[in-house]
Amino acid sequence: MLQDVYHSCNRRDFRRPIYFFYTVVNSDQYIGVAQMTSDVDFSKSFGYWWEKTKWNGVMNLKWLYVK
């Protein structure tokens, strides 16, 4: 689904950025904003998750703000 949104927002005739707003889990703390800058590559995996079978895919982000 995220891949579909990225493609629909990055057509030649229609370009819109996709932003992610990051917070700390179970708190009211806001820690940053990042922009999605690439497709999701589902053939790769980020090796630092404790639930290795739950998450797959890697994408590039451009951090715009980090608090």
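**Aromatic cluster, nonpolar core and salt bridge**

In this predicted model, Tyr 22 is partly exposed, because its relative accessibility of 27% falls between the 20% and 50% limits. Phe 20 has a relative accessibility of 19%. Phe 20 therefore counts as buried, the limit being under 20%.

A pair of aromatic rings is described by the distance of the centres and the angle of the planes. The count of aromatic pairs comes to three. In one of them, Phe 20 pairs with Tyr 22. The Tyr 22 and Trp 63 pair links distant parts of the chain. Tyr 22 belongs to strand E3 (residues 19-23), and Trp 63 to strand E5 (residues 61-66). The two residues are 41 residues apart. Trp 63 has a relative accessible area of 45% and is partly exposed. Through ring pairs, Phe 20, Tyr 22 and Trp 63 are joined into a cluster.

Phe 20 is also a member of the largest nonpolar core. In soluble globular proteins, nonpolar side chains tend to be buried together. The core has six residues in all: Tyr 6, Cys 9, Ile 18, Phe 20, Met 36 and Val 40. Beyond residues up to four places away in sequence, Tyr 6 touches Ile 18, Met 36, Thr 37, Ser 38 and Asp 39.

Arg 16 lies in the loop between strand E2 (14-15) and E3. Its relative accessibility is 47%, so Arg 16 counts as partly exposed. Arg 16 and Tyr 6 are separated by ten residues in sequence. Their C-alpha atoms are 8.8 Å apart in space. With neighbours within four places in sequence left aside, Arg 16 is in contact with Cys 9 and Asn 10. Cys 9 is itself one of the core residues.

Side chains of opposite charge can pair when their charged atoms come close. The structure holds one salt bridge. Lys 44 forms this bridge with Asp 41. The closest N and O atoms are 3.9 Å apart, and the cut-off is within 4 Å. Asp 41 is partly exposed, with a relative accessibility of 27%.

Definitions and conventions
Residues are numbered from 1 along each chain as its sequence is written. This is a predicted model: local features need pLDDT of at least 70, side-chain atom pairs count only at pLDDT 80 or more; totals for chains, interfaces and linings use all residues. Side-chain values use heavy atoms; hydrogens and water are left out. Rings of Phe, Tyr and Trp (its six-membered ring) pair if their centres lie within 6.5 Å; planes under 30 degrees apart count as stacked, over 60 as edge-to-face and the rest as tilted. Buried means under 20% relative accessible area, exposed over 50%, partly exposed in between (1.4 Å probe, protein chains only). Helices (H or I, at least four residues) and strands (E, at least two) are DSSP runs, numbered from the N terminus. A nonpolar core is a set of buried Ala, Val, Leu, Ile, Met, Phe, Trp, Tyr and Cys residues joined through side-chain atoms within 4.5 Å. Contact means heavy atoms within 4.5 Å. A salt bridge is a side-chain nitrogen of Lys or Arg within 4 Å of a carboxyl oxygen of Asp or Glu.
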